[in-house]
Amino acid sequence: MNKPKISVIGLGFVGLTLAVVNAKENFETIGIDIDKEKIEKLRSGKPYFYEPKLKNYLNKSLKTKKIHFSDDLNQVLKTDISFITVGTPSTANGAIDLSYLKKVVVNLSKILKNKKSTHLIVVKSTVLPTTTLQMVSPVFKKIKNVRVVSNPEFLREGNAINDLEKPHLIVIGESNRKDGDTLEKYYKMFYKKIPEILRVDLTSAEMIKYTNNAFLATKISFINSIANICQKLPNVDVNKIAYAIGKDSRIGSEFLKAGPGFGGSCLPKDISALIEFTKKYDKTNKLFKAVKEVNIYQASQILQIIKEMNLFASNKTISILGLAFKANSDDVREAVSIRIVKHLIKKGMKIKVHDPMAMNNFQKIFGDKIIYCKTIPDCLKNSECCLILTEWNEYKNLKPLIFSKNMHKSNIIDARRILEPSDFSKLNFRAIGLGPQSVN
Ligand code: UDX
């Protein structure tokens with residue numbers, strides 16, 4: 001097999017990362033998207049969102065001419081493998097919206113109808129079990145040279161390129177062995193040291209993706225439920241509880257960080273889609289709904305702490321450090337900061353915010369309803385409460401002095417558990433999952 005030429009359809013966070021890393025690995029790559037403005041930006045070497053290493057890889061690949069961008073789907077004809085990475089957002093009731101996928105698949109079938117050489121379509125977009133089998137494959141059934149496989153991704157924002165270069169597993173879903181072999185051969189060219197590859201049927205591959213994300217979401221809602229109890233118990237700290245249970249290899253230490261709840265473009269959307277999907281197969285299931293409800297409730301926990309500190313009032317100023325749904329990202333989709341700020345605005349509080357990267361995206365939502373501060377001291381100035389919502393490195397090293405020097409009253413709420421409580425014992429310090437500190 002010669003080195004296949006790659007097309008990536010849908011240049012969102014997953015698609016763009018995938019396209020750029022393919023080009024960096026010397027695969028001729030075409031990135032396709034209907035958004036002309038996006039294409040223009042990418043052609044001039046400017047990714048439209050932040051992701052570590054992405055800009056660097058993009059510009060290197062533009063220089064070597066291994067990557068091209070186009071808004072014309074017909075470009076797939078120049079390639080051998082098409083990865084579909086279009087968005088599968090939530091509809092109003094939380095179900096999955098497959099309209100982008102459907103459109104791409106139908107258009108691809110028209111374009112690839114007479115292709116002489118074999119073309120492999122790889123469904124990477126997150127889709128519910130049976131979608132590829134029942135919705136994608138049938139469209140190409142009568143087209144001799146087109147094959148369809150499923151290949152879910154497990155990329156984390158802020159770490160996407162590393163995750164792509166060193167995946168913990170590659171899952172290939174196939175309806176016949178030959179199709180999966182083609183993708184496996186491509187991966188053998190892509191990786192110098194090939195990761196473990198699991199070959200399953202189409203629907204199992206899709207089920208693996210949902211199970212993976214649902215389990216991660218469950219772990220977070222679980223530890224947040226524990227945190228909310230710890231918060232009431234004298235001298236108890238959820239971080240110590242999480243550390244201890246994480247040492248049990250049956251549990252594992254990852255994804256046990258209590259905080260303001262999970263956000264982002266994946267976990268909330270996927271758990272909602274799974275709830276809707278599960279209704280068809282298991283009407284008695286309660287777990288996924290509970291995971292979602294615990295997550296939504298976690299924002300109220302933070303508001304409750306503000307209330308307990310007597311700061312929930314229209315004449316008070318509050319400073320929020322961190323708006324992105326997680327550190328190393330400028331993404332505010334489903335970020336808890338949005339829900340909290342909406343509540344505080346309703347209450348009439350004066351809100352000052354700071355984030356190293358996500359302020360532009362936040363401003364698109366809240367406009368001039370809040371105050372955007374370029375520096376941390378600016379944000380803290382004359383405020384009566386500081387709420388930390390994202391675990392940025394620059395917040396981890398903050399010392400008590402910066403709060404006491406700038407704030408009107410040093411009330412601090414660490415919703416990310418990034419500060420050492422004992423350093424802040426002289427200030428009015430509260431944190432998620434941290435019980436009242438008293439002498440035993
Ligand atoms: C997630 C999955 O990890 C990834 O495999 C999938 O492909 C896409 O969805 P991502 O949304 O980028 O990735 O972020 P992730 O690191 O999983 O964090 C999701 C949310 O959970 C963030 O808001 C994060 O702050 C929160 N989180 C994570 C916790 O509150 N506690 C934890 O212990 C871990």
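In which helix is aspartate 179 found?

A: The model is predicted: local features need pLDDT of at least 70, side-chain atom pairs count only at pLDDT 80 or more, and totals for chains, interfaces and linings use all residues. Residues are numbered from 1 along each chain as its sequence is written, and side-chain values use heavy atoms, with hydrogens and water left out.

Aspartate 179 is found in helix α7, residues 177-190; helices are DSSP runs of H or I with at least four residues, strands are runs of E with at least two, and both are numbered from the N terminus. Because its relative accessibility is 3%, aspartate 179 counts as buried (under 20% relative accessible area, with exposed over 50% and partly exposed in between, for a 1.4 Å probe and protein chains only).

Which residues surround this side chain? When residues up to four places away in sequence are not counted, aspartate 179 touches Leu120, Arg147, Val148 and Val149; contact means heavy atoms within 4.5 Å. For valine 149, the separation from aspartate 179 is 30 residues in sequence and 6.7 Å in space, C-alpha to C-alpha.

Aspartate 33 lies in the loop between β2 (29-32) and α2 (36-43), and it counts as buried because its relative accessibility is 10%. Leaving aside neighbours within four places in sequence, aspartate 33 is in contact with Gly10, Leu11, Lys38, Ile39, Ser70 and Asp71. In the case of leucine 11, the backbone nitrogen lies 2.7 Å from a polar atom of the aspartate 33 side chain.

Terms used: Polar contact = N/O pair within 3.5 Å; in protein donor to acceptor, adjacent residues only side chain to side chain.
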